[in-house]
Amino acid sequence: MSARDSWRPAASLATLRLRAELLHAVRGFFRARGYLEVETPVLSHDVVVDAWLEPFVAQWLPGERPTAGAEADELFLQTSPEFAMKRLLAAGATAVFQVARVMRQGEFGRYHNPEFTMLEWYRAGDTQHEQMTFTEELVRHVCSRAATLRDEDSTSPPPGGAIELPPAPFERLTYDEAFERYAGTRVLKLSVAELAELARQLRLGVPESLAPVEANRGAWLNLLLAGAVEPRLGERPQFLHDYPATQAALAKVRDGDPPVAERFELYVAGLELCNGYHELTDPAELRRRIARQSALRAADGRRVLPAESRLLAAMEAGLPECSGVALGFDRLAMLALGADSLAEVVAFPFDRA
């Protein structure tokens with residue numbers, strides 16, 4: 001792309017019309033199932049605290065005409081509308097969804113853009129397995145609509161071939177089952193030394209800085225997942241669920257031997273589409289997890305994000321039992337329309353923004 005052409009959209013206008021139709025189908029799907037569409041702030045004092053997600057930071061200078069040297073208030077562009085949407089559940093909402101613009105630092109490539117469209121939803125009373133069923137219905141609905149649009153207008157074809165979803169239900173595979181199938185062993189009960197030895201046996205590239213110590217358990221599991229398991233997932237649609245308790249994020253942890261996080265991700269055609277939780281509702285545990293994530297960020301030399309949030313106050317007031325899902329709409333549109341990259345279904349990706 002030359003500088004002279006950078007003003008042009010990356011996606012064709014025909015594809016953008018199809019994308020708009022798919023968004024319309026998404027909204028109809030949720031409304032038909034009793035979900036309320038909501039809007040929450042993109043710019044907020046609160047932010048999802050995650051050791052691996054880096055938010056964009058903005059400054060608010062009070063007054064109509066801020067003067068030089070005025071003290072700025074720090075705010076964050078949201079990496080997810082999660083905190084605000086859970087506040088709505090605590091206030092009495094029972095089922096909410098949102099088509100949100102979210103932003104994350106350092107993510108740009110074939111399947112990533114620093115600013116992207118997140119489809120996020122929560123329903124009170126649902127389990128993670130009920131939300132897996134709901135997510136599968138949504139993905140089938142969007143892909144079916146894309147196929148119908150293709151048949152209705154052959155003069156404006158999508159970027160590529162239609163994705164064919166199998167008639168059988170999407171497979172549900174636990175984290176340990178996936179490792180047993182694709183790496184030859186279950187991993188949740190292995191020591192860190194045993195995880196390091198497995199990585200060596202599988203000939204995975206291990207960073208010199210990654211020591212085989214307990215503090216790095218999550219990093220070893222991530223290395224093994226990315227190198228030995230994820231490349232094999234999604235040849236047919238698969239839900240990966242029951243993650244290590246150390247990777248619960250904001251999901252509940254279920255007691256067991258070993259305990260597991262009630263969290264799932266969906267892989268289709270080799271691509272991760274979403275992340276879902278049976279949501280944590282305990283404010284004391286949320287405080288502990290924020291502290292752990294902050295410690296990881298500090299140890300990595302990254303800025304520590306706020307320890308207090310309005311979500312904590314909402315949980316203390318009472319967050320109902322619920323499950324929620326965050327799904328990358330750009331990726332879903334890419335799959336449904338047969339595109340090879342996000343740039344084919346986004347008007348102005350980062351390099352043209």
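This is a predicted model: local features need pLDDT of at least 70, side-chain atom pairs count only at pLDDT 80 or more; totals for chains, interfaces and linings use all residues.
How many bridges join strand β9 (residues 253-254) to β10, and in which sense do the two strands run?

View 1. Two bridges join the pair, and the strands run antiparallel.

View 2. A handy landmark is P244, which stands opposite V260 in β10. Another residue worth a look is D242, which lies in strand β8. Its phi is near 60 degrees, a positive value in a residue other than glycine. Is D242 buried or exposed? With 10% relative accessibility, D242 counts as buried, because the cut-off for that term is under 20% relative accessible area.

View 3. Strand β10 spans residues 260-268 and is mostly covered, with nine of its nine residues buried. Its pairing with strand β11 (residues 271-278) is antiparallel and runs over six bridges. Within this pair, L266 stands opposite C274 in β11. The hairpin of β10 and β11 has two residues between the strands. Although A269 is not a glycine, its phi is positive, at about 55 degrees.

**View 4. The largest nonpolar core has 41 residues.** Which residues have the most contacts inside this core? They are L22, F30, W121, L138, V139 and L266. At least two core residues come from each of α1 (13-32), β5 (95-103), β6 (115-124), α3 (128-152), β10, β11, β12 (322-328) and α9 (329-336). Of these contributors, α3 gives the largest share, eight residues. As general background, nonpolar side chains in soluble globular proteins tend to be buried together.

**View 5. F30 and its contacts.** Leaving aside residues up to four places away in sequence, F30 touches Y35, F97, L119, W121, F134 and L138. Two of these partners, W121 and L138, are listed with F30 among the residues with the most contacts inside the largest nonpolar core. Elsewhere in the model there is a second, separate core of 30 residues. Its members include L210, L221, L224 and L240.

**View 6. Helix α8 and its buried face.** In this helix (residues 310-318), the buried residues are L311, L312, A314 and M315. Seen down the axis of α8, these buried residues fall within an arc of 160 degrees, so they line one face of the helix. What do the buried residues of α8 pack against? Their partners are α2 (82-90) and α7 (283-299).

Key. Residues are numbered from 1 along each chain as its sequence is written. Side-chain values use heavy atoms; hydrogens and water are left out. Buried means under 20% relative accessible area, exposed over 50%, partly exposed in between (1.4 Å probe, protein chains only). Helices (H or I, at least four residues) and strands (E, at least two) are DSSP runs, numbered from the N terminus. Two strands pair if DSSP finds at least two bridges between them. A nonpolar core is a set of buried Ala, Val, Leu, Ile, Met, Phe, Trp, Tyr and Cys residues joined through side-chain atoms within 4.5 Å. Contact means heavy atoms within 4.5 Å. The arc is that of the directions from the helix axis to the C-beta atoms.
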